[in-house]
Amino acid sequence: MQLFLFLKKKKKLIMQLFQRKVRFGTLLVVPYLTSPSFTLQGTMLKQLTALEGLPGNLNPNPRCAPINTFTDQPSMEHHPSMADLPYEVLTYILFKAPVKTLIKLRSVSKPLLSLIDSPCFIRLHLRYSIATSSNVTVILRRESELFSVSLESLNAADELAHPLMCYSNRIRVLGSANGLLCITNVAEDIAFWNPSIKKHKVLPFLPVDRPCDHGMSVCGARAYGFGYDSAHDDYKLVRISQFVDLESEGFASEVKVFSLRANEWRRVEEMNYVLCYLKKNGTLACGALHWVVTKKFKLDEVDQIVSFDLTDENFRELPLPKCLEDQRVQIEVGALGDCVSVTADYHDVRVDVWVMKEYRVKESWFMLFSIARTEVVGSFKYLRPLAYSKSGKEVLLVVDNQRLVWYDLRKKRVKNVKILGMPDLFEAEICLASLVPVEASRRGYGKKHNLSEENHKKKRDDFLSEGFKLVL
C-alpha cells in the first residue's frame, strides 16, 4: 500500500516520461501504459536522467546488474500496472524520494529492500541530493540534546535519539559528511552516526600521547575535523592535540587520523601552526578540512587559514583575500555550498562574508555580502553563514547562537525563522539526509584481520555504544 500511494503521487511524472518518444539505441519507447509487453535496455536510466539535464555522474555503477523489483519472472499475460514498472524506471523515481519515504518502502518487499540498500542506489540518491541541494537538514545542538529540521521547510524541529550516553553532560558534533555525523561525549567516546537510518559505529578509544619535552606538558588546544576522502571512498576523522611551553612560547602538535575503511588510528605529519580556537572543528570543503591558525604562539600574530587534504593527508596554507592579509581582524572559516567561506568580524563596525569560487585560487575570492552592526540584523555579537537556500538567493545565518534568519542577497534584508521546538540556545550544523552506511567496504583489509580480534572489537564497540564506560 505504501508503494502504491507513493507511485500514485508520481503518476504524472511517469506518464510524461512515457508519452515522450525517446530513442534508446534501436528501441523506440512508446507509452508504457498502453503496451502489453514492454522491456527496457540497461541504458534506460542514463537516458531518463538526461531528459531532465541531470549530471551524467548521477548514473549508478554500470556493473550493478538490474533486478526485477517485484517478481523473479515477469508475467507477459497481464496488463502492466504501477507494480510492473521496470527496474530502471522505478530507480529513476525512487532516487528522488526523501530518505524517510525510502525507509518506509524498504518494508514493502524484499526486492525493494535489496534495491534501496544496494550501494549503487545509495550512491545515486546521494549524488542527486548533492547536485540538487535536496534532503538538506539543519542539526541543532543544546547541551546533551540534538534536533533536526529540514532546511527547505524550517518548520518543526524533531529531537534525535543519539547513540552515546551523555552522563548529564553535553554532546559535541565534530562534523558531518554525506549524511554521517561525527559525535562525541564527555568520556571521549566518538561515534560515526547516520541519524536518518539510525545506524552508528563507535570508534576505538584513542589516548593522548604526551610529548617527550616536559616543558610542553600543558595541552593548549584539541581540535577535530571530519570529512570524506573521495579518492579512496573513505570517511576520516582528524584529531589535533597541541601542547605549549608557556615560558619559551614554543608548541608541539600531535595529529592522528582515523580511517573508517582501515578501522584504525594512525599518526601523520605534525602541524606547524597554532590553533586559534581551542575546540573549533575543522570545516569541510573541497575535499579538505580547514582551521584558523597563526604561525607563532603570540598574541600579535595575524590569523590565517590552514587546510588538511583528506586524500594526501598534508597541511597547506590557504590564501586569504588580499584585503585581509595584513589586517588584525577576527576571521572564521566556513563553507557555503561546496566553496570555502571566510567571515571577517570588524568588532563594533561590520561583518564581511567572503567566498572562494575556485579552490586555492587567491583571485577568486569575492565579497558575498557585508552587514553593518545594528543594521539589517539588529544588534548582535556573533554571526555565521550556514547555508544557501535552494534557490541560492538567500543565506541562512546563525545570530548569537540564539536565532536563525534568512538574508536576502539582492534586497539586503533579513527574515526571522520561527521553528517549532527550536532550543533557545544552540549550535548549528548542516547535515545531508542520506542512506550512507556507517560500515565501510573493507576490501583489502578483511583478510589481514583475525576473526577473534574482529569479534572482540565488535563486543567493545557495542559495550561503549550503550554508554557503560566509567568516567574516572
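Predicted model: local features only at pLDDT ≥ 70, side-chain atom pairs only at ≥ 80, totals over all residues.
Strand E20, covering residues 339-345, runs antiparallel to strand E21, covering residues 350-356, and six bridges join the two. Both belong to an open sheet of four strands, ordered E19-E20-E21-E22 and paired in antiparallel fashion. Strand E19 (330-336) and strand E22 (365-372) stand at the edges with a single partner strand each, so one side of each has no neighbour in the sheet. From one strand to the next, the twist averages 20°.

Let me turn now to a pair of helices, H6 (residues 110-117) and H7 (residues 119-132), which pack at an angle of about 55° with their axes 5 Å apart, and which are therefore oblique to each other. On the H6 side the contact is made by Leu-115, Ile-116 and Asp-117, while H7 contributes Pro-119, Phe-121 and Ile-122. Sorted by class, this contact of H6 with H7 holds five nonpolar residues, one charged residue and no polar ones.

Glu-188, in the loop between strand E7 (180-184) and strand E8 (190-194), has a positive phi of about 65° although it is not a glycine, and with a relative accessibility of 33% Glu-188 counts as partly exposed. Asp-400, which lies in the loop between strand E24 (394-399) and strand E25 (403-408), has a phi near 55°, a positive value in a residue other than glycine; at 23% relative accessibility, Asp-400 counts as partly exposed.

Methods
Residues numbered from 1 in each chain as written. Heavy atoms only, no water. Pairing = 2+ DSSP bridges. Axes fitted to C-alpha atoms, helices over the stretch in contact; angles between N-to-C directions. Parallel < 35°, antiparallel > 145°, perpendicular 65-115°, else oblique. Contact = heavy atoms within 4.5 Å. Nonpolar A, V, L, I, M, F, W, Y, C, P; charged D, E, K, R; others polar. Buried < 20%, exposed > 50% of the residue type's maximum accessible area, 1.4 Å probe, protein only.
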